[in-house]
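Look over the sequence and the model first.

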Amino acid sequence: MQFTTWAPDPSHSFEVSQMNFLDWPVEQAILSERAQKRRRAIAVRLIERFASTYGAVEYDLFWESSIINAQAWRLGSRRRVTVYGGVVRHPAITASGIALLLAHETGHHLGGPPFDPDLRWPSWQGQADFWAASTGMPQVFGRQAARLTFRGAKQIAALHAEFSETDGVADISAEERSEIFLLGARGKCTPAFLQKSFNRMLEERDRPDE
Ligand SMILES: [Zn+2]
C-alpha cells in the first residue's frame with residue numbers, strides 16, 4: 001500500500017528520512033467514542049513517559065490518521081517518533097503493545113549498530129527490537145518492563161500476522177522479532193543471535209528479484 005509520507009511542510013528543503021514500523025496498512029474496525037477516548041489517553045500518557053525519559057527524541061501522536069503504523073524519522077538533526085492513530089485504535093493492541101512500539105521506534109534512534117543498510121542512520125529493525133526489550137523498556141518501566149514486553153510482543157506478532165501480505169518487504173520475520181523481544185527482556189539475547197538475523201537479511205537483500 002502506498003501512502004504519501006506525512007512531513008511537516010514539504011516546501012521546506014529538510015531531508016526527511018524515515019523508518020516505518022509496518023507497511024502502511026489502514027484501520028478497518030472503528031471503536032466506540034468512549035473506547036477511542038480511553039486509548040488516546042493511554043497513548044498520550046505513554047508518549048509523555050518516553051518523552052520525559054528520552055529528552056533527545058521528540059514524540060508525537062498523529063491521532064486523526066487511520067494508518068496502522070509508527071515511524072522513527074529525522075528532520076535535519078532532530079530525532080522524531082510519530083505514532084499514528086490507527087495503531088493506537090487497533091483491536092489487537094493495548095498499552096503494552098503501544099509501549100513496546102514506542103520503545104522500538106526510540107531504539108531506531110538510540111539503539112546503535114548494526115544500522116539499517118539503506119537509510120544508514122537508524123538502528124536495524126532487529127537491533128531496535130533488541131534495544132527496546134533490553135534497554136528502553138527497563139529504562140521507562142523499571143520492574144514492570146519484562147511483563148509489558150512479553151505482552152506487547154504478542155500483540156506485535158498479531159499485527160504482523162494480520163499484515164503479512166502487505167508486509168512483503170519486511171527484513172525480519174514475526175518469529176524472529178518475538179524471539180528477540182523475549183530473549184532481550186530476559187537478558188538472554190546474544191550478539192551472535194542478532195548478527196545471524198542481520199546477515200540473513202543482508203543475503204536476502206542482495207538476491208536479485210525473480
Ligand atoms: Zn522499526
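## Helix α7 and its cover

Among the elements that cover the buried residues of α7 are α4 (125–141) and α6 (174–185). Cover here is by contact: C-beta atoms, placed from the backbone, within 7 Å. Helices are DSSP runs of H or I, at least four residues; strands are runs of E, at least two; both are numbered from the N terminus. This is a predicted model: local features need pLDDT of at least 70, side-chain atom pairs count only at pLDDT 80 or more, and totals for chains, interfaces and linings use all residues. Residues are numbered from 1 along each chain as its sequence is written.

The buried residues of α7 are Leu-194, Ser-197, Phe-198 and Met-201. Seen down the helix axis, they fall within an arc of 95° (taken from the directions from axis to C-beta atoms), so they line one face. Buried means 20 or more other C-beta atoms within 10 Å of the residue's own; exposed means 12 or fewer; partly exposed lies in between. The face turned away from the buried side carries exposed Ala-192, Gln-195, Asn-199, Glu-203 and Asp-206.

## Val-81 in strand β4

Val-81 sits in β4 (residues 78–84). Val-81 counts as buried because it has 26 C-beta neighbours inside 10 Å. Beyond four places in sequence, its contacts include Val-57, Tyr-59, Ala-70 and Leu-102. Leu-102 is 21 residues away along the chain, yet the two C-alpha atoms are separated by 7.8 Å.

## The nonpolar core

The largest nonpolar core has 43 residues. Such a core joins buried Ala, Val, Leu, Ile, Met, Phe, Trp, Tyr and Cys residues through C-beta atoms within 7 Å. Val-83, Val-87, Ile-98, Leu-100, Leu-102 and Met-137 touch the most other members.

Technical notes:
Two residues are in contact if their C-beta atoms, placed from the backbone, lie within 7 Å.
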